[in-house]
Amino acid sequence: MQLSPGLRERVSAAHRGAALPDRLRLYDAWAARYEQDVAALEYRAPRLAAASLAFAFPAPPSEALVLDVACGTGLVAQELQGWGFCQLHGVDGSAGMLEWARATGLYRELRCCVLGRESLPGPADHYDAVMVVGALGEGQVPCSAVPELLRVTKPGGFLCLTTRSNVSNLRYKAELQGVLDSLEQQGAWEKVSAREVDQWERATSKEESTQGTGYISGVVYVYRKRPVTPVEED
């Protein structure tokens with residue numbers, strides 16, 4: 001089934017790098033049909049990210065406090081619940097998206113926050129896991145926001161991040177990889193896994209298609225914030 005011109009335009013507009021007020025209006029208007037569109041795209045990132053976190057998580061997931069950043073309509077929360085994660089907080093910059101996320105009943109707390117422009121609404125070292133699925137990409141959340149995700153994660157906690165590997169996102173992906181590697185070299189976190197996925201979602205143009213498959217590829221990263229090392233007394 002071919003993707004509709006309207007869907008292609010909405011996806012393109014989301015990654016175009018428009019001014020923030022225009023972007024938020026786009027997502028507010030998109031919220032009502034967002035899940036219908038991502039189903040048509042065969043968008044796999046929420047399912048893949050939730051599974052990656054679940055496989056890495058050592059403790060009973062029902063006890064874990066998880067922050068879903070750029071939560072949209074709640075697709076990631078639906079997947080996390082299937083793995084037993086039930087203490088979920090969410091943030092998003094779009095009031096329209098948050099309205100749909102609230103209707104799922106899956107979040108204990110939802111707040112409006114534009115990551116990259118504002119600090120996350122939470123104290124340092126607060127969450128057992130932090131998720132960012134779909135928002136780390138060209139024209140969306142800047143790579144400079146990654147340390148803020150780390151700030152609110154507990155020492156020993158996990159961060160699960162995704163980005164796309166399509167042609168128009170390669171510059172951003174390389175910049176993001178540099179930030180991730182730098183934080184690892186600084187000892188801020190350690191990489192648990194990095195999974196490249198060929199059929200991430202359907203491509204909206206031939207130029208974006210990976211080797212003519214009709215899909216774009218993407219990657220799921222899982223990192224663990226390094227625990228605080230106790231200072232030994234003399």
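This is a predicted model: local features need pLDDT of at least 70, side-chain atom pairs count only at pLDDT 80 or more; totals for chains, interfaces and linings use all residues.
Q: How many residues does H7 have, and how far does it reach?
A: Compare the reach of a helix with the span expected from its residues. Helix H7 covers residues 170-185 and has 16 residues. From its first C-alpha to its last it reaches 22 Å, close to the 22 Å expected at 1.5 Å a residue.

Q: Which residues of H7 are buried?
A: Look for residues under 20% relative accessible area. In H7 these are Tyr 172, Lys 173, Leu 176, Leu 180 and Leu 183. They cover an arc of only 95 degrees around the axis, so they sit on the same side of H7.

Q: Which residues are exposed on the other side of H7?
A: Ala 174 and Gln 185 are exposed there.

Q: What covers the buried residues of H7?
A: The cover includes one helix, H6 (146-151). It also includes strands S5 (153-164), S6 (189-202) and S7 (215-225).

Q: How many bridges join S6 to S7, and do they run parallel or antiparallel?
A: There are 10 bridges, and the two strands run antiparallel. Take Val 197 as an example: its bridge partner in S7 is Gly 218.

Q: How many aromatic pairs does the structure hold?
A: A pair of aromatic rings is described by the distance of the centres and the angle of the planes. This structure holds 7 aromatic pairs. One of them joins Trp 189 and Tyr 223, with ring centres 4.1 Å apart and planes at 20 degrees, so the pair is stacked. Trp 189 lies in S6 and Tyr 223 in S7, so the pair ties together parts that are 34 residues apart in sequence.

Q: Are Trp 189 and Tyr 223 buried or exposed?
A: Trp 189 has 0% relative accessibility, so Trp 189 counts as buried. Tyr 223 is also at 0% and counts as buried.

Q: What are the distance and the angle for the rings of Tyr 221 and Tyr 223?
A: The centres are 6.3 Å apart and the planes stand at 35 degrees, so this pair is tilted. Both Tyr 221 and Tyr 223 are buried.

Q: Which residues form one aromatic cluster?
A: Tyr 27, Trp 30 and Tyr 34 do.

Q: Where does Trp 83 lie, and what does Trp 83 touch?
A: Trp 83 lies in the loop between helix H4 (75-82) and S2. Its relative accessible area is 36%, so Trp 83 is partly exposed. Not counting residues up to four places away in sequence, Trp 83 touches Ala 50, Ala 51, Ala 54, Phe 55 and Pro 61.

Q: How far apart are Trp 83 and Val 219?
A: They are 136 residues apart in sequence and 20 Å apart in space, C-alpha to C-alpha.

Terms used:
Residues are numbered from 1 along each chain as its sequence is written. Side-chain values use heavy atoms; hydrogens and water are left out. Helices (H or I, at least four residues) and strands (E, at least two) are DSSP runs, numbered from the N terminus. The expected span of a helix is 1.5 Å times one less than its number of residues. Buried means under 20% relative accessible area, exposed over 50%, partly exposed in between (1.4 Å probe, protein chains only). The arc is that of the directions from the helix axis to the C-beta atoms. Contact means heavy atoms within 4.5 Å. Two strands pair if DSSP finds at least two bridges between them. Rings of Phe, Tyr and Trp (its six-membered ring) pair if their centres lie within 6.5 Å; planes under 30 degrees apart count as stacked, over 60 as edge-to-face and the rest as tilted.
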